[in-house]
Amino acid sequence: MSVKHSLPIIGNSHEANDPAEFDSITPSNSANLVPNRSSVTLRTLGRAPRFLWAVGRHRLKGDVGPHSLTHTTTFKCNYHCKEICDSPLVHQAMQKKPNGHDLTTEEIRDIYRQLPSMDYVRFTGGEPTLRKDFIELSHLAEAHLRPIFFHMTTNASMPERVIQFAEERPRHVPLDLMISMDGIDEKHCQSRHNRFAFERCMETVKALSARQKELKTNIRVNQTIADSEGIEHYRKLHQVLKPFQVRHQIVMAYNASATYAVERDKTYAPSREELFTPVGKFEKSELNAFFTEVQADIQSELNGPERWIQQYYLDGIRERMLRNEPSPNPSCVALSSHLRIFPNGDIPTCQFNSHVVGNLRNQSFREIWNSDLRKTQFRWVKGCAGCWAGCEVQPSAAYTGDLLLHQLRS
Ligand code: SF4
């Protein structure tokens, strides 16, 4: 694939791969390059036994190999978020300091070749569209990991690139596109330190919302609620987004995440005494009213698994923030069904524990996965009190079967 980018690129040093290279990966993978609607359906059905086996293993607290991948392809970002970047703890690449650690396209291809197939591949950052190979990576993922769907989290600062990704990724694999926002107009712009930030998000929403079906793309606006003003802006943003038929969901901001920490081997996992520490201060009454409002929106606007997932997150955050109760509290699947890869090839333990179990630039995946260090960290995960960050909660809810059980209990 030859992709022309009209915008300046901060990125890895290698040229984009030619699609011919994908043909030479393994003979059996070449068929995946042909868009084929039924292949993803068959893939989904074929994964069912493996999924059920994983659910059983997790319920018995057993160890399993990865089924889903969160690939932080770069820590570089072209915005400067108050809540994250101003922290002295935050990774240097996000603070625009020199960083030459990101894996190259070729290194990523070699890593993907070693991994088992994944139910979903999530590209995140930093800002993943800053890499010049951001579309090529989706083709490599399709060729080697055969996901049932892609996910990309973006700040939508460059609408052209987000649209390009929706159009030029392997189109037969559905895309869950998550646009990160903090509110409307000035609120969002101030939060990102960029006066065009809100305009660009809306440009992306407008360009893609009517094409969701054609592009097999589900657009979600993920609003981070960091303070009481964010609650007010939930209502405003909900009204702004209503005509576009895109999903609007919330995530309550944690006060710290090990993922963005400068130093590795940091742990910010919750304790039983303090299950959720928000970044801002809230009155319990305002939170209660807010969660009730979000619940009403979920019930009236969403259906099926999408509704279950949002309700599950909401129930868990409400219990934690209002009553400090860990309910629901699935067994965590970090470092087992859910694999994270950092931009330099490190495999961290999870979002709140950046203790690295190995580096895929220097070691094989098999070597890392079978190592005592990975097993030690896996045991740490199983003893964790349980966090409530959406990107960790969702795989844990799915691969333990707790998402379904919670529905049946409700
Ligand atoms: S619940 Fe899992 S993802 Fe969350 S802090 Fe604990 S081990 Fe990490």
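The structure is a predicted model, in which local features need pLDDT of at least 70 and side-chain atom pairs count only at pLDDT 80 or more, while totals for chains, interfaces and linings use all residues. Residues are numbered from 1 along each chain as its sequence is written. The chain has 15 helices and 9 strands, where helices (H or I, at least four residues) and strands (E, at least two) are DSSP runs numbered from the N terminus.

**Overall picture**

- Of the 410 residues in the chain, 43% are buried, a residue being buried if 20 or more other C-beta atoms, placed from the backbone, lie within 10 Å of its own, exposed if 12 or fewer do, and partly exposed in between.
- Among contacts between residues at least 6 apart in sequence, 77% join residues at least 24 apart, with two residues in contact if their C-beta atoms, placed from the backbone, lie within 7 Å.

**Helices α10 and α11**

- The axes of α10 (residues 284-301) and α11 (residues 304-323) come within 10 Å and cross at roughly 170 degrees, the axes being lines fitted to C-alpha atoms, for helices over the stretch in contact, with angles from 0 to 180 degrees between N-to-C directions.
- That angle makes α10 roughly antiparallel to α11, because angles over 145 degrees count as roughly antiparallel, under 35 as roughly parallel, 65 to 115 as roughly perpendicular and the rest as oblique.
- From α10, residues including Leu287, Phe291, Val294 and Ile298 take part in the contact, and from α11 those taking part include Leu314, Met321 and Leu322.
- By class, this contact of α10 with α11 has 7 nonpolar, 4 polar and 3 charged residues, where Ala, Val, Leu, Ile, Met, Phe, Trp, Tyr, Cys and Pro count as nonpolar, Asp, Glu, Lys and Arg as charged, and the others, Gly among them, as polar.

**Helices α6 and α8**

- The axes of α6 (residues 159-168) and α8 (residues 197-209) come within 9 Å and cross at roughly 30 degrees, which means that α6 is roughly parallel to α8.
- Pro159, Val162, Ile163 and Ala166 of α6 make the contact with Arg200, Glu203, Thr204, Ala207 and Leu208 of α8, and these residues divide into 6 nonpolar, 1 polar and 2 charged.

**Around the ligand**

- The residues surrounding the ligand include Cys332, Cys350, Cys384, Gly386, Cys387 and Glu392, a residue being near a molecule or strand if its C-beta atom, placed from the backbone, lies within 6 Å of it.
- The shell around the ligand divides into 8 nonpolar, 3 polar and 1 charged.
- Arginine 272 lies in the loop between β6 (247-252) and α10, and its C-alpha atom is separated by 8.3 Å from that of glycine 386, 114 residues apart along the chain.
- Arginine 272 is exposed, because 9 other C-beta atoms lie within 10 Å.

**Residues in other loops**

- Asparagine 155, in the loop between β3 (149-154) and α6, counts as buried because it has 25 C-beta neighbours inside 10 Å.
- Leaving aside neighbours within four places in sequence, asparagine 155 is in contact with Tyr79, Glu127, Ser180 and Arg192.
- Alanine 156 is found in the loop between β3 and α6 and has a positive phi of about 55 degrees although it is not a glycine.
- The peptide bond from serine 327 to proline 328 is cis, with omega near -5 degrees, and proline 328 sits in the loop between α11 and β7 (338-341).
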